Amino acid sequence: MERTIVDVPEEARRTARPATADPHPATPPGEPLRVAVVGGGPGGLYAATLLKRLDPAREITVWERNAPDDTFGFGVVLSDETLGGIEHADPRVHEALQEHFTRWDDIDIVHRDTRHTSTGHGFAALGRRRLLEILHARCRELGVGLRFRTEAPEDLPRTHDLVIAADGIHSTTRERHADAFRPRVTHHRCRYIWLAADFPFDSFRFEIAETEHGVMQLHGYPYAPDASTVIVEMRDEVWRAAGFDELDEAESVERCAKIFAEALRGRPLKSNNSTWTTFRTVVNDHWSHGNVVLLGDAAHTAHFSIGSGTKLAVEDALALAACLEERDTLPEALAAYEAERRPVVASTQRAARASLEWFENLALYLDQPPRQFAFNLLTRSRRVTHDNLRLRDARFTETVEREFGCPPGTPPMFTPFRLRGLTLRNRVVVSPMDMYSAVDGVPGDFHLVHLGARALGGAGLVMTEMVCVSEDGRITPGCAGLYTGRQAEAWKRITNFVHDRAPGSAIGVQLGHSGRKGSTKLMWEGMDEPLEEGNWPLVAASALPYKGFSQTPRKLSRAQLTDIREQFAASAVRAARAGFDLLELHCAHGYLLSGFLSPLTNRRTDAYGGSLEKRLRFPLEVFDAVRNVWPGERPMTVRISATDWAEGGTSAEDAVEIARAFAAHGVDAIDVSTGQVVAGEQPEFGRSYQTPFADRIRNATGIPVIAVGAISSWDDVNSLILAGRTDLCALARPHLYDPHWTLHAAAEQGYTGPGATWPAPYRAGSRRPQTGRTDAPKPRLSLGNGGARER
């Protein structure tokens, strides 16, 4: 390509200084800093303007391979939060943006010829070309050099003090130093194409088309008085079945316009070098290398369905400029920038991943009640929640609640739920948590106080820790059991307390066997570490140790399988006599029954190993044996690990089939957890990170589910239940922090109905105490209309 310099100030044409012995010297405060910005998108341009404003003596050049008016995509959405940051950092840019914004409050969801509108959302958008023009003008005004149609030289790190790589998802700078940045790119399942319409939508519009080839969706929003962005998306197999893989650009655009003719008012769609592509999530282990730093899509991407690409890039620029201003050396500044932005980006990427996967699995939700479907779509990323949406649009939220079955003034979490002959007064479950505090398997006063306190705290169902079916089936010497009459009597004392003193709360028992994860120290003495003395022999599906230093279990023989099955049944009989309301079979977390289900831990070649059907055989035999002796009116649930978080392990698709198999044998609900099956797992932690697996099982099979995994707020519980992603929510750590979590959730929501009844001695504490004032954080970077710092 011909190298052409366009609109370059005189100071940017100075001869590059020769490289020093140290190619990445730290520049002392007060000295001019030569900065090269690779990529002329919004993030790179905005970083250039901020750095020039902070120090007009800086020599800053932006290198952009495309022409000034080239742009890919049509409209850009910016949040009020991002605009606030821009306003504080550069009021001139903010003022220019304000002149061109198209604003609206509504989201329309069109599904099966019904349109549902939610209001109060507050969007602002403008054309991407207009945004670039504003930033180009600001760069010229400040003296930033702009080099268009010009590839950035490879030696920029040697000729400049700082190189900002803002060259997008296909960043050549990142790939040039891939060994240092260590990028990971994930391709996803949907194809999409970025188009435009020549009229403004009056809302952010989501339209669902159920075609003979599969489900397709339109995402559309206005960005100018006469234009809207239109994105058409569908799963790859739908795209191929519809023949889009054989159409050229013009034919694809025409076909999309016909499919969504009603939404488009019969008008055509426009393209701009528009091609079908799959979204790629970019993650980098490191964001800087020497004096090169990544910004925007070069560092990270977030799915367009939450509109965060430009927002993240602009916020990166703000943070980078601020850190360069605050820190004494370049290495310190780049480290501070990454430390500040990485958690924010990770949170956004989790939300974007949730939204992306929701649209990938859209077909699962098509048969939901119409307004629940709309609520589900609106809350898909977990950024918009039940409480947040109620503040934005109380009428819409109340309508969804009413259709769900919430009595007036009743949050979704306080609606009852029935499992067989047991009616739970609310949807909150105290998740099973190992306490390691039993003596000879006998629960004592600690268990009475621990479980009794949680029952008094208002949860609809309180679950015991994993209660072991044999002495050799314990995890640690402190684990509770139900393999003796003495243990059963001790449990009866606890169930009696719950039923007598916390009426309305149910108590369930979780039965399990440790398998290869047994004979270890108490958690706080060394989790998963073998006992130093007094070990007992371990058994498992296969002779595979959990960790390298773990004891190697013996592979179970057919006779031993029969013995263990009978141990489960005998413990279930004792559990029934002890007065438990519900029984859960523990088939998760790498314990014995889980070890049969996972292909990573079951290497058997007999009738109990190999295919998923064969791996299910022993857990189902145990389930049947327990169900046969467990009272018919009392429900049974099964906890599973829906993924092993490890290559070659149980997948989300496997989990659906596992749930179906247990449902065919009479399970009443599936308790959906994940992981802890193999030591080398790599979980994707985050808020509510396990709930998508419960969501998938529930909506693919119709089986009731219990969602677990970093659900920490009552707002999350309400959101998940009302959206139809789960039936019950199990919380662990929040109940350790606050035994009265459920009652406090009721008080904070102003709820006083039958779903959360305060025990008489505690009623004086049913109102939330007053708290002191907390001040809002100050703007990240505030320059006013001046901009230059004093020297």
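Me: Which residues in α12 meet α14?
Reply: A quick note first: this is a predicted model, where local features need pLDDT of at least 70, side-chain atom pairs count only at pLDDT 80 or more, and totals for chains, interfaces and linings use all residues. Residues are numbered from 1 along each chain as its sequence is written, and side-chain values use heavy atoms, with hydrogens and water left out. Contact here means heavy atoms within 4.5 Å, and helices (H or I, at least four residues) and strands (E, at least two) are DSSP runs numbered from the N terminus. On the α14 side we find Phe396, Thr399, Val400, Glu403 and Phe404, and they meet these residues of α12: Arg371, Gln372, Ala374, Phe375 and Leu378.

Me: How do the residues of the contact of α12 with α14 divide into nonpolar, polar and charged?
Reply: Ala, Val, Leu, Ile, Met, Phe, Trp, Tyr, Cys and Pro count as nonpolar, Asp, Glu, Lys and Arg as charged, and the others, Gly among them, as polar. Sorted that way, the contact of α12 with α14 comes out as six nonpolar, two polar and two charged.

Me: Why is α12 oblique to α14?
Reply: Angles run from 0 to 180 degrees between N-to-C directions, with axes fitted as lines to C-alpha atoms, for helices over the stretch in contact. Under 35 degrees counts as roughly parallel, over 145 as roughly antiparallel, 65 to 115 as roughly perpendicular and the rest as oblique. Helix α12 (residues 370-378) and helix α14 (residues 394-404) have axes 9 Å apart and pack at about 125 degrees. That angle makes the pair oblique.

Me: Are α1 and α4 roughly parallel or roughly antiparallel to each other?
Reply: Helix α1 (residues 42-54) and helix α4 (residues 128-142) have axes that come within 9 Å and cross at roughly 25 degrees. Therefore α1 and α4 are roughly parallel.

Me: How many nonpolar residues has the contact of α1 with α4?
Reply: Among the residues making this contact are Leu45 and Tyr46 of α1, and Leu131 and Leu135 of α4. By class, there are two polar and four charged residues in the contact of α1 with α4, and the nonpolar ones number nine.

Me: At what angle do α2 and α3 pack?
Reply: Leu83, Ile86, Glu87 and Ala89 in α2 meet Pro91, Val93, His94 and Leu97 in α3. Helix α2 (residues 80-89) and helix α3 (residues 91-100) have axes 5 Å apart, and the packing angle is about 130 degrees.

Me: What is the bridge partner of Gly75 in β7?
Reply: β3 and strand β7 (residues 123-127) run antiparallel, joined by four bridges. Within β7, Gly75 has as its partner Gly127.

Me: What is the order of the open sheet of six strands?
Reply: Strand β1 (residues 34-38) and strand β9 (residues 162-165) run parallel, joined by four bridges. The edge strands, each pairing on one side only, are β8 (145-147) and β16 (288-289). Pairing is mixed, and the order is β8-β2-β1-β9-β17-β16.

Notes: Two strands pair if DSSP finds at least two bridges between them.
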